[in-house]
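Work through the exercises below with the model open. Try each task before reading its solution.

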Amino acid sequence: MKWLYLALPLSALAVTASVAAQSQGSQAQRGQQLFTHFCAPCHGQGAGDDRSDMLPGTAALARRYQGAKPAALELRTDLPAPVLTLFVRRGVGPMPAFRPSELSDADVAAIAAYLAQPD
Amino acid sequence: MTIPSGMTEATFADGLAAMRDVVGAEWVFDQPADLNTYRDFYSVFWGEPEERLASAAAAPANVEQVQALVRIANERRIPIYPISTGRNLGYGGSAPVLSGSVVLDLKRMDRVLEVNEDNCSCLVEPGVSFFDMYRHLRESGSKLMMSVPDPGWGSLVGNALDSGGGYTVAGYRGHWEAVCGIEAVMPDGELLRTGMGALPGSETWQQYRLGIGPCLDGLFRQSSLGVVTKMGFWLYPMPESMLSASVSVMRFEDLEELVRIANELEYGNVFNGMPGFSSPVLARENPIVMSMVPEPEVMNAMVAETGLPAWSFASNFYGPERVVREQWAYMQSRFAHIPGVRFAETGFVRLPLTPEDMERIHKPRFGIPSLEIFSVGSRGYGDFNPSDGHIWFSAVIPRSGQGIIAANRVMRAECERLGLDLFMFVPSVTCWTRSFVLFAAVPVYKDATRNRELRDKVREVIATCASHGWGEYRCPPAFMDNVMDAYSFGEHKLRRVNEAIKDALDPNGVLSAGRYGVWPRHLREGRGA
Ligand SMILES: Cc1cc2nc3c(=O)[nH]c(=O)nc-3n(C[C@H](O)[C@H](O)[C@H](O)COP(=O)(O)OP(=O)(O)OC[C@H]3O[C@@H](n4cnc5c(N)ncnc54)[C@H](O)[C@@H]3O)c2cc1C
């Protein structure tokens with residue numbers, strides 16, 4: 001009886017954990033798509049056109065951090081949803097704020113989940 | 001919360017409640033954190049009482065919802081301000097012209113309704129961004145190319161409605177010129193279709209722009225008369241190749257001939273890409289700011305000393321390789337008589353582009369959206385802080401050598417006299433065929449004192465340009481009244497006719513009040529103040 005009692009919650013826990021991992025995974029996957037569409041044109045890695053060696057957002061962060069942090073957002077893991085939300089909703093430098101009609105709070109959280117993944 | 005002036009809190013709250021019923025509570029925004037995202041991030045009024053702020057925003061998902069929202073606003077006289085993607089940075093961002101307006105944010109209406117490969121056209125909703133459209137064209141294997149402005153995050157509809165421009169082929173890169181067919185919700189909530197769209201069952205809405213009678217498309221350009229919910233555009237068939245070339249001349253006095261022949265070749269369809277006119281010898285210090293054009297002998301001495309051309313005309317040819325090579329050969333023959341003329345082929349690419357090509361081309365010239373223009377502002381030329389954004393000053397000037405020289409000298413002298421910084425200055429932008437547009441990026445600050453001075457200076461520049469017969473084609477809200485004032489022929493008949501149309505179509509004056517200097521009757525006296 002005790003065994004059953006123990007076994008049930010354990011298996012339930014395992015199921016819950018794998019569902020959570022899966023949904024985290026799919027949230028991060030969605031975050032990656034959103035990042036590619038909304039963020040990467042400025043904050044992506046790789047060269048810009050007209051012979052710039054970095055995209056504008058990445059170049060601006062390279063100047064700001066002077067090597068103290070990676071310039072490309074995808075190499076950072078210190079941008080949890082609340083921090084990201086602050087930048088996205090308030091804007092910074094020449095980057096204007098993004099409205100909730102284009103990027104919802106859930107979208108911003110998904111991007112944060114993607115960025116939080118180890119490379 | 002900012003509520004529309006002259007309105008009771010109860011009426012406004014009732015209006016917002018009705019709007020919530022239409023779009024759902026989650027799509028009406030009236031909390032400070034959300035409303036902050038509707039501020040014009042490059043506003044010259046940033047943080048001042050005059051800053052144009054939305055009282056709320058509502059984001060409908062379809063045309064019926066737009067109609068319902070407009071009716072709610074019209075019944076209660078709540079001012080509303082439609083935006084498509086709201087990326088009008090440098091010209092007002094996503095903020096309304098009249099503080100207290102409810103922004104109708106159409107970003108959620110983002111369907112590409114049709115791409116017609118044979119007619120080379122499309123029909124889109126306002127929320128379709130250039131990035132969205134590009135992805136749609138590529139994923140569907142389309143053989144069509146669109147024209148995009150430098151930043152790709154705006155929309156086909158919003159950009160064209162503000163008369164924006166891109167970099168591709170004549171007839172397409174002036175984005176308003178490529179519009180064919182508009183659907184708009186009028187201030188009374190009814191739906192209007194222009195051109196052939198007015199004829200039920202017609203298959204030619206995106207083929208024949210004019211329909212019958214006065215062409216009403218112009219009612220919606222830079223206007224305050226309707227909420228555009230669909231717009232058709234002509235697209236360019238993807239060419240086989242693109243050739244870029246330059247013709248450079250070594251004397252001050254050759255500019256007139258250079259522009260005159262270039263114009264003839266462009267208007268005669270010998271080349272179809274966007275021409276560029278620059279002065280290599282005057283751009284030595286800063287590649288994006290043309291310095292003051294000196295006297296002829298001084299400029300010629302600079303040319304002799306540096307070996308750099310006095311003037312350069314860059315042209316682009318889109319088409320089959322055989323054709324563009326012939327066109328380029330013919331073009332050279334037309335300039336060959338100018339002493340010391342130099343010709344250079346500066347690029348040739350076949351389409352579709354390879355990944356290597358993508359690394360070395362200016363993407364908007366191929367209708368590929370990007371945000372790479374922002375490296376210009378953040379890289380920083382000159383000693384201003386580039387990170388606060390900028391506004392655009394953009395005046396229409398004559399397309400001639402004299403046009404470039406006069407605009408350059410007047411603008412440079414004014415900036416020097418007033419101590420006005422510019423971080424980009426090109427006196428001869430050619431997005432719109434048949435004229436030049438003098439373009440200058442004026443840095444703005446998140447500092448009220450500096451912005452106050454800047455506003456006074458820009459107003460002086462507007463007046464000076466007007467005294468030379470140069471008017472702006474587009475401007476940020478802060479200067480719309482000044483710019484419209486300059487178009488004063490017949491005791492401001494242009495504005496007065498616009499006002500009469502406004503009163504007839506929007507008698508309650510709810511829609512986009514003040515846009516481009518046209519105010520509804522009840523706000524006309526104080527211009528919204
Ligand atoms: C660095 C930089 C470079 C730029 N380069 C270019 C360039 O190359 N070419 C260019 O054209 N612009 C340029 N711009 C200006 C601007 O960013 C773009 O024109 C942008 O596309 C406009 O924003 P949008 O498309 O989101 O239009 P929106 O902001 O959605 O619309 C612009 C205005 O049109 C009206 N409007 C929009 N939608 C509707 C509707 N459905 N019904 C009725 N009225 C409506 C509103 O008054 C709105 O404020 C540049 C800006 C910056 C900062």
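**Exercise 1: the ligand shell**

A polar side-chain atom of Asn159(B) sits 2.9 Å from an oxygen atom of the ligand. This is a predicted model, where local features need pLDDT of at least 70, side-chain atom pairs count only at pLDDT 80 or more, and totals for chains, interfaces and linings use all residues. Residues are numbered from 1 along each chain as its sequence is written, chains are lettered from A and ligands numbered from 1 in the order in which they are written, and side-chain values use heavy atoms, with hydrogens and water left out.

Task: find which polar backbone atom lies 2.9 Å from a nitrogen atom of the ligand, and how much of the ligand's accessible area the protein covers.

Solution. 
1. Take polar contacts as pairs of N or O atoms within 3.5 Å; within protein, one must be able to donate a hydrogen and the other to accept it, and residues adjacent in sequence count only if both atoms are side-chain atoms.
2. The backbone atom belongs to Val228(B).
3. On its own the ligand has 960 Å² of accessible area (Shrake-Rupley, 1.4 Å probe). The protein covers 95% of it.
4. The shell (heavy atom within 4 Å) holds 32 residues; Tyr81(B) and Arg474(B) are among the closest.

**Exercise 2: strand E4**

Task: state which way the side chains of strand E4 (residues 102-105) of chain B point.

Solution. 
1. Strands are DSSP runs of at least two residues, helices (H or I) of at least four, numbered from the N terminus.
2. Val102(B) and Leu104(B) point one way, Val103(B) and Asp105(B) the other. All are buried (under 20% relative accessible area; exposed is over 50%, partly exposed in between; 1.4 Å probe, protein chains only).
3. In a regular strand, side chains alternate between the two faces of the sheet.
4. Strands pair if DSSP finds at least two bridges between them. E3(B) and E4(B) pair in the parallel sense over 4 bridges. Ile83(B) stands opposite Asp105(B).

**Exercise 3: salt bridges of Glu499(B)**

Task: which residues form salt bridges with Glu499(B)?

Solution. 
1. Require a side-chain nitrogen of Lys or Arg within 4 Å of a carboxyl oxygen of Asp or Glu.
2. Arg495(B) qualifies, with closest N and O atoms 3.7 Å apart.
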